[in-house]
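Subject: Handing over a structure, with notes on its aromatic residues

Dear colleague,

I am passing a structure on to you, together with some notes to read beside it. Please have a look at it before you go on to the text below.

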Amino acid sequence: MSAPRTAGRRHPARNLSPPEAPAATAKTVASPHHAGRRRGYRWFTPWLYLLIPLALLVTFTCLPVVDLISYSLTDWDGISPTRNFVGLANYHDLFTRPQLFRVFWVSLFYLVGSAVQICAALYYATVLSFNTRLRNLFKGILFFPYLINGVAIGFVFLYFFQPGGTLDTILHWFGAGQHLWLGDPDLVNPSLAGVSVWRFMGLNMVLFLGAIQSISPDLYEAAALDGANRWQQFRHIIAPSIRPIISLSVILAVSGALSVFEIPFIMTGGANNSQTFVIQTIKLAFNFNKTGLASAAAVVLLAIVLLVTWLQRLLFPDDKVESQ
């Protein structure tokens, strides 16, 4: 037998030499000293991003509040360079004069208007979240009043509510007579609250609309397959999903109703039983030169707003959403 022919075959050359050791680098493993420094910098990094916001918060919020509290403990008139420390005398004077707190009854009109505003905003946000014709146009129309300056809105509605003005002309078409919308103590507060509803409804609508659009479309599809109509989808899908935004809107509405200032001050100046607590505080400071007493009133209002906000959060806590 002939030997097998292997001469024509070529085998790849095998490297029989030992493998070379990897080249040593300057920093293959970080030293414990450098690792410790990096961990030390890690806790400090977030504060670098928060430095400017915190500086603005302290400068324009915390320091003015501290100054406000210090003014409330003096008899300063807002003009004299001297301030005499009187302790809690301003607060005693404030709480022994119940007529200063009667103006909070005016806030009830704005509180009712805020409820109407939230309901209307929630309705429009729900309707415009579905495929509605010209929905982008309606979004712009409803949000546009919030972009207008409050002073301009006050002057526009002065002409709207004046005797024989726009509102009386429209009502005359339906056989109604003229009314003193801003001169009648029984009509002035509902009229001013209506202006606030018209102005701020667009803001709430945008907040609700953004929250509704964050809901997964699969939930709507599953509800449609089960035969749910629009009302049932709103009740069982939309309302529970945007509950934190509704709670936020309620907090803003209540605090806004307690501290109304711009619209009634421009349109009536607090006349005809339309004076709010903030307008009264402004008059104490600048008309009667009682800056100390006005500062005490402002501190009390701040405490009331914080208390109401805390009670709302306590009675209506947000449900925690746990990811599956």
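The notes that follow begin with the overall picture and then turn to the aromatic rings.

Please keep in mind that this is a predicted model. The protein has 13 helices and zero strands, and of its 324 residues 30% count as buried. Among contacts with a separation of 6 or more, 66% are between residues 24 or more positions apart, while the accessible surface comes to about 22200 Å², with 66% of it belonging to carbon and sulfur atoms.

A search of the whole structure finds 16 aromatic pairs. One of them joins Phe161 and Trp181, whose ring centres are 6.4 Å apart and whose planes stand at 50°, so the pair is tilted. This pair links distant parts of the chain, since Phe161 belongs to helix 5 (residues 150-161) and Trp181 to the loop between helix 6 (166-172) and helix 7 (188-213), 20 residues apart.

Another pair, Phe261 and Phe265, is stacked, with 4.9 Å from centre to centre and 25° between the planes. Phe261 has 30% relative accessibility and therefore counts as partly exposed, and Phe265, at 36%, counts as partly exposed too.

Finally, there are charges over rings: the charged end of Arg83 sits over the ring of Trp76, 4.7 Å from its centre, and that of Arg230 sits over the ring of Phe130, 3.9 Å from its centre.

How values were computed. Residues are numbered from 1 along each chain as its sequence is written. This is a predicted model: local features need pLDDT of at least 70, side-chain atom pairs count only at pLDDT 80 or more; totals for chains, interfaces and linings use all residues. Side-chain values use heavy atoms; hydrogens and water are left out. Helices (H or I, at least four residues) and strands (E, at least two) are DSSP runs, numbered from the N terminus. Buried means under 20% relative accessible area, exposed over 50%, partly exposed in between (1.4 Å probe, protein chains only). Contact means heavy atoms within 4.5 Å. Accessible areas come from the Shrake-Rupley method with a 1.4 Å probe; for residues, only the protein chains shown count as cover. Rings of Phe, Tyr and Trp (its six-membered ring) pair if their centres lie within 6.5 Å; planes under 30 degrees apart count as stacked, over 60 as edge-to-face and the rest as tilted. A charge sits over a ring if NZ of Lys or CZ of Arg is within 6 Å of the ring centre and within 35 degrees of the ring normal.
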